[in-house]
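This report describes one protein chain for a reader who is new to structural terms. Please keep the sequence and the model in view while reading.

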Amino acid sequence: MFRDIGARTYSGKQVSRRDSLSFPAVFYCVSLIADSVASLPIDTFVAGKETNRRMNNPPWLVIPNPYMTRYDFWHRVMISLLMDGNAFIATIRDSGGSVTYLYPLDPRAVVIEPTPNGQEVRFLYNGERYDRSEILWIPAFTEPGHPRGLSPLELARQAVGLGLTAEEYGARFFGQGSAMTGIIQHPGNPSKDQALMLRDMFRKQHSGIKNSHSLGILTGGATWQSITVTPEQSQFLETRRFQKSEIALIYRVPANQVDPTVTSSWGSGVEEQNKWFIDQTLSPWLIRIEQAISTYLLPGNRYIKYNLDARLRAKTNERYQAYAIGIQNGFMNADRVAQLEDWEPIPNDLGKQYYRPANLTPITEETIKPTPPPVPAVPPPVDEQNPDDGEEDDTSNAQDDTSGNGKPGDEQ
């Protein structure tokens, strides 16, 4: 176990990583991002020359290890990234070099050591050295020349410290009943014991939340002079609200999600705000994990990709309209719709059929490359000058037989 002792801030508050989580804005941002990433499904693909083919996830991506669910595993990985700026995962392999289990490590227990050539890194954990094939390292925000990722909480230590100080002040304000804090003026010259007794009696009667705003009575000519500064005068509420927005900026979370009094400027609908959260907040973290897993744990041209359809899912009517457009234009089929909606596929593989826009006829080899129609038979050419040559010949022969012999009856 490592002692989590934080440095003292200018506000006088000593802030550690565990102390940072006690600030509600920090806890909300960290848990929001970690829960969102851990709940997303992951798909594995094989990159081809023309198209990418989806395949079954490897076993270690479904169940990382015997002691954690997939959600618990990725949630701890994200907590490491969001608090330490680094995530270290022990990769257990079999004799053939294939990954079998994944275990998240405490990032504070891992030391990064650059190799002598400066082109690779090694890791020192529990007194032993490991390479990238044994420990997967996912850094967050890094500086050139500094291999280790920067901790968001350490960079924002002053902002977190001010927020914790303001929160403690508010708790003490109500707990100690400082609404009647002031000076008791005595006209005489009381002794030290008399002054202490007067102070203790007044504190006993008016200190604490139960005695707040109670009626005070002073005797012996003593008077009360209030010097209390109200929370509004000291901008206490404004300070707390501002610190919430500061923490939201650190984690790139919309300020309206941390502070309900802030109005969102990124669209009025929930879907638009959800899309902004995915694009600006989740996507950088998802890409880091996707590239690290695909590069160091998957063989060949395989890669993983988070499925964001669950978070981008629209209303029922809008989803069905989108499915209809996909089916009518031939880039979706009924089985794909059933998969997105967690339905049973159509029996007998009927849902695998794709359709094309023209009258919604099935897409087949013949519709993609239709067979050309047969060429009609060409009739023999006809002489355009004498279209009735045959008939003219018969007539001419008949005329030749009767010419020069007079009438047919004259032969006798």
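Tyr103 is partly exposed, with a relative accessible area of 24%. Here, buried stands for under 20% relative accessible area, exposed for over 50%, and partly exposed for values in between, computed with a 1.4 Å probe on protein chains only. The model is predicted: local features need pLDDT of at least 70 and side-chain atom pairs count only at pLDDT 80 or more, whereas totals for chains, interfaces and linings use all residues. Residues are numbered from 1 along each chain as its sequence is written, and side-chain values use heavy atoms, with hydrogens and water left out.

Tyr103 belongs to strand S6 (residues 99-105). Helices (H or I, at least four residues) and strands (E, at least two) are DSSP runs, numbered from the N terminus. Not counting residues up to four places away in sequence, Tyr103 touches Asn65, Pro66, Tyr67, Phe73, Phe88, Ile89, Ala90 and Ile92; a contact means heavy atoms within 4.5 Å. Tyr103 and Leu136 are 33 residues apart in sequence, and their C-alpha atoms are 9.9 Å apart in space.

## The chain as a whole

The protein chain contains 15 helices and 13 strands. Of its 412 residues, 31% are buried. Among contacts between residues at least 6 apart in sequence, 62% join residues at least 24 apart.

## Nonpolar cores

In soluble globular proteins, nonpolar side chains tend to be buried together. A nonpolar core is a set of buried Ala, Val, Leu, Ile, Met, Phe, Trp, Tyr and Cys residues joined through side-chain atoms within 4.5 Å. The largest such core has 47 residues, and Ile33, Trp74, Met78 and Tyr251 have the most contacts inside it. Helix H2 (residues 24-38) supplies the largest share of this core, nine residues. A second, separate core has eleven residues, including Ala90, Leu105, Ala109 and Ile135.

Which residues does Tyr251 touch, not counting those up to four places away in sequence? They are Cys29, Val30, Ile33, Leu82, Pro152, Leu153 and Thr281.

## Aromatic rings

A pair of aromatic rings is described by the distance of the centres and the angle of the planes. Rings of Phe, Tyr and Trp (its six-membered ring) pair if their centres lie within 6.5 Å; planes under 30 degrees apart count as stacked, over 60 as edge-to-face and the rest as tilted.

Tyr320 is partly exposed, with a relative accessible area of 38%, whereas Tyr323 counts as buried at 11% relative accessibility. Because Tyr320 and Tyr323 are three residues apart in helix H12 (residues 316-328), about one helical turn separates them. Elsewhere, ring pairs link Phe88, Phe123 and Trp137 into a cluster.

## A three-stranded sheet

An open sheet of three strands has the order S7-S8-S9 with antiparallel pairing. Two strands pair if DSSP finds at least two bridges between them. Strand S7 (110-114) and strand S9 (128-130) are the edge strands, each pairing on one side only. Strand S8 (residues 121-125) and S9 pair in the antiparallel sense over three bridges, and Tyr125 stands opposite Glu128 in S9.
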